[in-house]
Amino acid sequence: MKKIWSGAIVGVLLAASAGTAAFGMASTDKQAADGKEQRYAWPLATCSTEDTITHVFAESFAEEVERLSDGQMEIQVYPQSTLGGDRELMESCKDGDIPFVVQSPAPQVSFMPELCVFDTPCAFEDIEEARDTIDDPRFQEIVQEIYENAGYQLLGMADQCFRVMTSSEPFEGMESFKGQKIRTMENTYHLQFWKAMGANPTPMTFSEVYIGLQQGTIDAQENAYELIVSAKLYEQQKYLIQTNAVPDYITLISSDEFFQTLEEEQQEIIRQAAQNAQEEARESADTRQGERQKQLEEEGMEIISVDETTWQEMRQACQPVYENIRKQAGEELFDLYMGTDE
């Protein structure tokens, strides 16, 4: 199956652009038979649409690579699952068929269980605190080793700010969570969190959420502002509650096998481009969250903040979830993330 999938990817790449090649074809200029230069672009794949921070991150990275290399290194972005779903992209990236992937760390947990640390709920009260934590040198050192051991290079992490909750019911504290049928991703720790809140979490693919809200199969959901707007969930939901339980991270990764074939100068260009793109994506996320919040209010949604008392009650209720994540992620990584390391 892997050979079939790999062949399908190469076929898509070749059909999509005569100037695009899968791993194994050099990115630097070659001499064609007629003596003219022939240039190839490395593919970068995402599962997100073009109106997302994920796409901003991917496109910014591609632009920075071309700029920093004076046009000698090129990357072609393939959004919207053109080259496969999240799991297929992870497998193809590791094999080197797709050198670069931009995606949430959530689907990566099945490949690297320690990454469940990014699912830790109620760890931060503002997004800058979360960013400072994951940028910490010691935290980065441990996480980089996890990716490398699995066959990847972690080049950068951006985010879409926090995931927030929308509901058809007003919010008045912890009691409002109880019994709510809330849609979640099929993620063990997200399910554990909402159960700890007293809610009734229901795993569901995002494409089914709008209809689920419309038909009453679910009465609440949690997501980034970007997706709430793009999916027009405001047509079915009256309230947005700023639970801010989990940052909606986005990773930029590369095949380690591919990365090691690059010259040292090329590797440095890739790393610098990733850092520049990371900063641009974060700034864009901050700006767009404000714009999306205003848009949702104009569409009639009521934005509700969670007060400090409720936040502390939420965090206290998370203690069993913390213990489970600590066991899977490892004590050092978890404590660094939570800021409890000594």
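Analyst: In this predicted model, the side chain of Arg163 reaches the backbone oxygen of Glu222 at 2.9 Å. Arg163 itself lies in the loop between β6 (152-162) and β7 (164-167). With a relative accessible area of 4%, Arg163 is buried, because the cut-off for that class is under 20%.

Elsewhere in the chain, two helices may be considered together. The axes of helix α5 (residues 137-150) and helix α13 (residues 331-338) come within 10 Å and cross at roughly 135°. The two helices are therefore oblique to each other, and α5 passes α13 in a left-handed crossing. On the α5 side, the contact is made by Arg138, Phe139, Ile142, Val143 and Ile146; on the α13 side, Glu332, Leu333, Leu336 and Tyr337 take part. Classified by residue type, this contact between α5 and α13 has 7 nonpolar and 2 charged residues, with no polar ones.

A further helix, α3, spans residues 86-95. Within α3, the residues Leu89, Met90, Ser92 and Cys93 are buried. Gly96 follows α3 and has a positive phi, near 95°.

Terms used: Residues numbered from 1 in each chain as written. Predicted model: local features only at pLDDT ≥ 70, side-chain atom pairs only at ≥ 80, totals over all residues. Heavy atoms only, no water. Axes fitted to C-alpha atoms, helices over the stretch in contact; angles between N-to-C directions. Helix = DSSP H or I, 4+ residues; strand = E, 2+ residues; numbered from the N terminus. Parallel < 35°, antiparallel > 145°, perpendicular 65-115°, else oblique. Left-handed = near helix turned anticlockwise from the far one by under 90°. Contact = heavy atoms within 4.5 Å. Nonpolar A, V, L, I, M, F, W, Y, C, P; charged D, E, K, R; others polar. Buried < 20%, exposed > 50% of the residue type's maximum accessible area, 1.4 Å probe, protein only. Polar contact = N/O pair within 3.5 Å; in protein donor to acceptor, adjacent residues only side chain to side chain.
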